[in-house]
Amino acid sequence: MKKSLFIFLLGACLLNVANAQKFFTKTGRIDFNATAPSSPENIQAVNRTVTCVLDAANGNMQFAVLIKGFTFERALMQEHFNENYMESDKFPKAEFKGAVANNAAVNYSKDGTYAVTVKGKLTIHGQTKDVEAPGKLVVQGGKINTTASFAVLLADYGVSIPGVVADKINKTAKIEVACNLEPLKS
């Protein structure tokens, strides 16, 4: 009986330690910019409902974002983005699954700023591609702020741009990610 109780308590403690090493948010931010250099219009959007989980023990991370959550300055742009380009009814979310490649260089228990490289698979518009991006993790007071910036070639993800607007929309979109992560509570 004592042995069973000991194993149960040890398991509970290990589970709490494992959960303490995971960080989470539902309010991350992704900025999207596909403005062509000669375009008079800004093709920019922001999504403030990004979900992110980071496991500090191994550096694994996952992001998920609903495409319809991107908001544009003009409603018509947003409608075209969802219906014509991203087909958000057919492909409702984008997702990244990967890891901090240099996770061993990050001390999650000590405040500091750490340059990181994130590698993984990015799925947009039903297409999955390998990506690698530089980023930054700022550990402060038991919380983590993450930022990354990278570019995606829209054609790589099956997003086609009609000729009539080709001079307004860049073939490459700049993506900026920012998340304030807090310890995941069990």
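Two residues are in contact here when their heavy atoms lie within 4.5 Å.

**View 1. Welcome to the neighbourhood of Phe70.** In this predicted model, Phe70 is in contact with Ile30, Phe32, Ala45, Val46, Asn47, Val65, Gln78 and Phe81, leaving aside its neighbours within four places in sequence. Phe70 also belongs to the largest nonpolar core, which has 45 residues. Together with Phe32, Phe63, Tyr108 and Ile144, Phe70 is among the residues that touch the most other members. Strand 9 (residues 169-183) gives the most to this core, namely six residues.

**View 2. Here Glu41, Arg74 and Lys168 come together in a network of salt bridges.** Glu41 meets Arg74 through their side chains, at 2.3 Å from N to O. Glu41 sits in the loop between strand 1 (22-35) and strand 2 (44-55), while Arg74 sits in the loop between strand 4 (71-72) and helix 2 (75-85), so this pair ties together parts 33 residues apart in sequence. With Lys168, the closest N and O atoms are 3.1 Å apart. Lys168 lies in the loop between strand 8 (143-153) and strand 9, so its bridge to Glu41 joins parts 127 residues apart in sequence. Buried or exposed: which is Glu41? Glu41 counts as buried, because its relative accessibility is 18% and the cut-off for buried is under 20%.

**View 3. Now look at the salt bridge between Lys68 and Asp89.** The closest N and O atoms of this pair are 2.6 Å apart. Lys68 lies in the loop between strand 3 (60-66) and strand 4, and Asp89 in the loop between helix 2 and strand 5 (93-100). Lys68 is partly exposed at 49% relative accessible area, whereas Asp89 counts as exposed at 67%.

Definitions and conventions: Residues are numbered from 1 along each chain as its sequence is written. This is a predicted model: local features need pLDDT of at least 70, side-chain atom pairs count only at pLDDT 80 or more; totals for chains, interfaces and linings use all residues. Side-chain values use heavy atoms; hydrogens and water are left out. A nonpolar core is a set of buried Ala, Val, Leu, Ile, Met, Phe, Trp, Tyr and Cys residues joined through side-chain atoms within 4.5 Å. Buried means under 20% relative accessible area, exposed over 50%, partly exposed in between (1.4 Å probe, protein chains only). Helices (H or I, at least four residues) and strands (E, at least two) are DSSP runs, numbered from the N terminus. A salt bridge is a side-chain nitrogen of Lys or Arg within 4 Å of a carboxyl oxygen of Asp or Glu.
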